[in-house]
Amino acid sequence: MVSIKITGGQKIEGEVLVSGAKNASMPIIIASLLSKKKVTLSNVPFVTDVTTLLSLIMDLGTSLEVCGDGRVRKVITLETPNLDFKTEVGAMATKIRTSVLLMGPLLARNGYVKLLKPGGCNIGERKTDLHVLGMQALGAKVLETEEYLELTTEGERLKAADFIFPKVSVGATENVIMAMVLAEGISFLRNIAIEPEIEDLISFLNMLGAKITTVGERELKIEGVEELEGGEYIIMPDRMEALTYAMMAAATGGS
């Protein structure tokens, strides 16, 4: 077992560069699959979950270039001009919880996705029911077993919907937003989560040409487009990392 010995009583002082937010970068990396064009993302934190996700989407046909030194200054360029029609997300999906977010983009772009039940951290019971309800509202047919989720539009484009989440969910909000971006017509998404990372995802998608507007504190209007463009985007800093450093300085009387 690895242990860490900490000898206290010292001021925490100095200057540090806050890395990009993992919880913003992973949905945005996945959202890049909605575009056939080249997407460049800066300030990507190169932590294990991110590298696992990148390996996963490369298996789906994404080309990847990585530049930069260290964890806090990675610049990645993604391009996914082609995805197989019958996209199946394999065993690597069980390693990270965020893999469930592949549901929306792959369904919106391909009309089909077969996804092994996602893994990752085990913080209580974390279901996929809200994700599935949102996709069904957009016209998807769903087959669910103990091992996987299979969704299809039966050859049709996703259709706009007015969907209200029965309870607030960050992941389901992100997933349904991504699906609605390419759905036919004007959708409304209500009772959404409003974390800053979701705002970052919306800003990224709008930069690519999506038409997402806020119409209430927890409501969005999304006008579906046929395709998205490419572009360059800087991932927001990690708010929890910034807060951690601030608390360390405050607790030790540092600066």
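Predicted model: local features only at pLDDT ≥ 70, side-chain atom pairs only at ≥ 80, totals over all residues.
In what follows, a residue is called buried when its relative accessible area is under 20%, exposed when that area is over 50%, and partly exposed in between, with a 1.4 Å probe and protein chains only. By that rule E154, at 57% relative accessibility, counts as exposed.

Residues are numbered from 1 along each chain as its sequence is written, and side-chain values use heavy atoms, with hydrogens and water left out.

Let us begin with the overall form. The chain contains 7 helices and 12 strands; these are DSSP runs numbered from the N terminus, with helices being H or I of at least four residues and strands being E of at least two. The C-alpha atoms fill a box of roughly 65 × 40 × 35 Å along the principal axes. The radius of gyration is 19 Å, which agrees with the value near 18 Å that a compact globule of 255 residues would have. That radius is taken over C-alpha atoms, and the globule rule is 2.2 Å times the number of residues to the power 0.38.

Next come the interior and the surface. Of the 255 residues in the chain, 45% are buried. A contact here means heavy atoms within 4.5 Å. Among the contacts in the chain with a separation of 6 or more, 74% are between residues 24 or more positions apart. The accessible surface comes to about 13000 Å², and carbon and sulfur atoms account for 51% of that surface; the areas come from the Shrake-Rupley method with a 1.4 Å probe. As for charge, the chain has 26 positive and 33 negative charges, and their mean positions are 2 Å apart. Lys and Arg count as positive and Asp and Glu as negative, while His and the chain ends are not counted. Each charge is placed at NZ of Lys, CZ of Arg, CG of Asp or CD of Glu.

With that background, we can walk along some of the elements. Helix α1 (residues 22-31) is mostly covered, with 8 of its 10 residues buried. Those buried in α1 are A24, S25, M26, P27, I28, I29, I30 and A31.

Further along is T62, in the loop between α2 (48-59) and β2 (63-67). T62 counts as buried because its relative accessibility is 4%. Leaving out residues up to four places away in sequence, T62 touches L33, I57, L78, E79 and T80. With T80 there is also a side-chain to side-chain polar contact of 2.7 Å. A polar contact is a pair of N or O atoms within 3.5 Å; within protein, one must be able to donate a hydrogen and the other to accept it, and residues adjacent in sequence count only if both atoms are side-chain atoms.

Another loop residue, S99, lies between β4 (88-89) and α3 (103-110). With a relative accessible area of 0%, S99 is buried.

Helix α5 (residues 170-181) holds A179, which is buried at 0% relative accessibility. Setting aside neighbours within four places in sequence, A179 is in contact with G104, A108, M135, L138 and L158. A179 and L106 are 73 residues apart in sequence, and their C-alpha atoms are 8.3 Å apart in space.

E154, in the loop between β7 (148-152) and β8 (162-164), has a positive phi of about 55° although it is not a glycine. N191, in the loop between β9 (186-190) and α6 (196-207), also has a positive phi, near 60°. Most residues other than glycine have a negative phi. N191 is partly exposed, with a relative accessible area of 23%.

Our walk ends toward the higher residue numbers. G216 lies in strand β10 (residues 211-216) and counts as partly exposed at 22% relative accessibility. A242, in helix α7 (residues 239-252), is partly exposed at 33%. A242 and V16 are 226 residues apart in sequence and 9.3 Å apart in space, C-alpha to C-alpha.
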